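Biologist: Could you take a close look at one part of this model for me, and then lead me from there to the contact between the chains?

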Amino acid sequence: MPVQAAVAVRNLEVKLGGKPILKGVDMAVQPGDLFGLLGRNGAGKTTAMRCLLGYLPSFQGSCSLFGVSSHRIHQVQEPYGVALDPPGLDDTLSLRQNLELAQIRGGIQGGRSIDEVLELVGLQHRQHNRGDRLSHGQGRRAAVARALLGNPQLLILDEPLSGLDPEGVERMLQLFRHLATEDGVTVVLSSHHLREVEDVCNRVGMIEDGRTLLEGEVQALLTAAGDGLQIRARHPEKVQQLLSQAPGVLAPPSCHGHQVHVRVNAQFDAVEALAQLVKAGAEVEEYARQRASLVDVFHLALEGQPCAD
Amino acid sequence: MRGLKRAIQGELYLLRKRPAVRWMHWGVFAVAFLFVAGSRLKLGLLAAAGQVQIGDGAWNFWPQFGAGTRAGLFLAEIGILLLLAGNLPREVRLGSARDPLSRGISRSACTLARCWVAFLLPLTLYACALLGAALSASWFFDAGDIMEGGELLLSIEGDQVAHHLFRSMLHGVFPMLALGMFSVWMATAFRTGVAAVGVGLGVMLAPSLLHDVLGARALWLFSDLLPGLGPDSFLQRTAAFAAGFSDAYSYEFDSVVQLGWYTPWPTFVLAAVAAILLFRKKAV
């Protein structure tokens, strides 16, 4: 029997004020996944999350949480936590009161207590601050704390790292990793922090201009993107000529001045290639092979080059 | 309806914890109290100038209790509109309106919980106005019969002054409940608090501004009978009647009063239904 997807979005289309915002978003998140939703500002990540959570009732396509349509989101039996942008704190109440209110509304009795979630996000010392007295980053952490109350099986987090200092980013990433690996919580997070997402997420989806650009396992996407080879030589034209015929090169080399860049796959023999370049008299000054990152995957996907699995 | 009980518990928590709600209750109490105290000060000055006689007419618990309550309700009615119509658009802007929807509470349950508050808040504010006016009036005035030049003008028992006054106070509850529900409707209908409160205020003031145009139809606008702001406020008439203005509460007005027991209810029901339907499709 197939496992029920925690999150399933199919061909999601949304118009706001007559303007198409989403033009075909697909996303499938399995239980236990730590899924990163990536995309530029205004790409449609937050809108997709709002549809998924039933906050935007008018959309085309289908969205479901644990098999329940977003139109009937209140019927979802599995507990889940949400932290969107804006954080949604009542600015007339203290942080602790906001969390108490969430507990009352959710009928939460067991699981993580208010003190525990405040400690997890490092906001114990701010618990009596009013919502509007928290900084941007603290507001984000407070929203995550509220999402963690009880025993959520799924967390949906919109830009949870935005506005955090490096220490806060690291703390959050550790928390998400721990939740996913130790507690089996499914996490869906949107972010611009591609390097951090690459570190913690096992799957990612990229949205661009309201459409899903690619979706897949992080490792598979990185492998498909190949490595980057940076070469600085006195005769770059010789490097270009030689590498364009070498086995394992994924795309024609690009040249900027004396700098040549080329994407290569695992079959590419860097030592052999270097020997060939020396022999051809290219006068190589720098020669570096770099593993592809999600940033490369993102740029390649934007350029329309194949890297999806 | 899934989550209704939890939604109501959440709304009650907000009622208890929001400073604005607390301050509004204190404000209504203070206005009612101070209005009567100010009235005592004014009567004292007039008596010192020889323009009124101590113990005459308005120098009595009953008219002051009525007038003080009305003064407190004036603020209460504005407060109901501000708190109920202004809050939801603000919560949508802040994102806090989303939280109950992520906690297994249906949209209809959310709105019904708001409607429950719209029922409760006017009653608690009304109680504050009554308490403030009653305390102040009993402190500064005696509750005997209404006198004029040392002679009996109105008997509290015989002329049923207290009865009319209490009836007018009960009469004012229903338009205020309709106002509460109407405010929830406005909150769901508009995206900004300014628009919701602005349109609500327009409807509240329409009977005063358009009384001649509306004529008898004004009675079907709940705001016509609001005890504080309404031009056909029963409380205003009976407070004046208790002060010795025997023509303030005429038998002709009795028919208006009779109709007033029924006219706020269509607005109450219509507003509740409209609010539920509108919030079902509202983007939050």
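**A hairpin and an interface**

Modeller: Strand 1 and strand 2 of chain B make a hairpin with two residues between them, and in the turn Gly149(B) has a positive phi of about 60 degrees. This is a predicted model, where local features need pLDDT of at least 70 and side-chain atom pairs 80 or more, while totals for chains, interfaces and linings use all residues. Residues count from 1 along each chain as written, chains are lettered from A and ligands numbered from 1 in written order, and side-chain values use heavy atoms, without hydrogens and water.

The two strands (DSSP E runs of at least two residues, numbered from the N terminus) cover residues 146-148 and 151-154 of chain B, and they pair (at least two DSSP bridges) in the antiparallel sense over three bridges. One of the residues involved is Ile146(B), whose bridge partner in strand 2 of chain B is Leu154(B).

Turning to the interface, 32 residues of chain A are in contact (heavy atoms within 4.5 Å) with 30 residues of chain B. Between these chains there are six salt bridges (a Lys or Arg side-chain nitrogen within 4 Å of an Asp or Glu carboxyl oxygen), and in a salt bridge of 3.9 Å, N to O, the side chain of Arg105(A) meets that of Asp99(B). On the side of chain A that touches chain B, strand 6 (80-83) and helix 2 (95-106; helices are H or I runs of at least four residues) each supply at least two residues, and helix 2 of chain A gives the largest share of that side, with seven residues.
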